[in-house]
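Here is a short report on an annotated domain and on aromatic ring pairs. Keep the structure open while reading.

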Amino acid sequence: MTTYKDAGVNIEEGYKSVKLMKEYSANTFIPGVLNGLGSFAGMFELGKYENPVLVSGTDGVGTKLKIAFQMGIYDTVGIDCVAMCVNDILCHGAKPIFFLDYLACSNLQAEVASDLVKGVSEGCIQAGCALIGGETAEMPGFYAKGDYDMAGFAVGIVEKDDIINGSKVKEGDTLIGIASSGVHSNGYSLVRSLIKNFDDSFGDSTLGKVLLTPTRIYVKPVLKLLEKFDIKAMAHITGGGFFENVPRMFKGDFTAVIHKNSYEIPEIFKYIMDLGVDEQHMYNTYNMGIGFVLCVDPGDSENIISELEKMGESAYIIGSVKRGEKKVCLK
């Protein structure tokens, strides 16, 4: 008798992975969660809002996963998966409320899948949202043996009157940059084409471990800022770097003038540049040490930076806004 296992899909391993994942998922539950893993769908009760708007975002980890599997480190990239989604919806002032993940592979290893979801749960805890469901797909013949892919999506909520859409931006506003934790989750195909040995030392660590530093999640500090200050626009610096992402926060025609010397560029970006990537391409691919940008009134900038520093963030005045073509001007 031919079984599903004979075709490459181990149902028992799937049951084992779900059992291991349930513990991590339960650690993320917040008020509003109505059911746990195992149901056909996740449920979340919104609670009391006057005019709620749901804000959603989806993303994956990309080829950073290749380095994770080469290094045998599986419990950090799940944080990246969450970060890429929640940081995006945060740009509109939304508080993330729940997250779902999708994990696909050739042949499921329960412990590896569990470690990947462990990272997702940690990311959800950092973002203050709940992991209420997901999907694990075992697809032999489609993925190479040992390969995994990971993606997910987040849903957040904001009162309609509180949506941040860049409509209040004006000439002369200040741009504040909040430090990244490193390369985050973009540009790894270029990184992998340039770096062949991730075990090489880099500072007190190795290149692989430095490159696997999880994407910083900005949700909690920024939501606290929104309680005290009028933040006019926000940008998550992801794929496309400064050039693509900073102009996205402007509703009108404005140029973001960025001063390159306003903060210290982390060594990992200098290292990548020294391997032959020109500066323009670096700023069009990587976050260059700034993972999130706020557009604020100049009179609020110092107080906002002070608040961020109290919350453990490093933040800098990195530029200003002027009328003109919707673009970035590096100085």
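Start with residues 52-158: the end C-alpha atoms of this span lie 6 Å apart. Helix makes up 37% of the span and strand 37%. An unreviewed UniProt entry annotates residues 52-158 as "domain: PurM-like N-terminal". The model is predicted.

Now the rings. A pair of aromatic rings is described by the distance of the centres and the angle of the planes. The count comes to 10 aromatic pairs. Two of them are set out here.

| Pair | Centre distance | Plane angle | Class |
|---|---|---|---|
| Phe202 and Tyr271 | 5.4 Å | 85° | edge-to-face |
| Phe269 and Tyr286 | 6.1 Å | 55° | tilted |

Take Phe202 and Tyr271. Their planes stand at 85°, over the 60 degrees that edge-to-face requires, so the pair gets that label. The two residues are 69 residues apart and link distant parts of the chain. Phe202 sits in strand β6 (residues 201-202), and Tyr271 in helix α9 (residues 267-274). Phe202 has 18% relative accessibility, under the 20% cut-off, so Phe202 counts as buried. Tyr271 has a relative accessible area of 29% and is partly exposed.

Helix α9 also holds Phe269. Its partner Tyr286 lies in the loop between α10 (279-283) and β10 (290-296).

Finally, a cluster: ring pairs link Phe69, Tyr74 and Tyr148.

Note on methods: Residues are numbered from 1 along each chain as its sequence is written. This is a predicted model: local features need pLDDT of at least 70, side-chain atom pairs count only at pLDDT 80 or more; totals for chains, interfaces and linings use all residues. Side-chain values use heavy atoms; hydrogens and water are left out. UniProt positions are given in the numbering used here, feature names are shortened, and annotations may be inferred rather than shown by experiment. Helices (H or I, at least four residues) and strands (E, at least two) are DSSP runs, numbered from the N terminus. Rings of Phe, Tyr and Trp (its six-membered ring) pair if their centres lie within 6.5 Å; planes under 30 degrees apart count as stacked, over 60 as edge-to-face and the rest as tilted. Buried means under 20% relative accessible area, exposed over 50%, partly exposed in between (1.4 Å probe, protein chains only).
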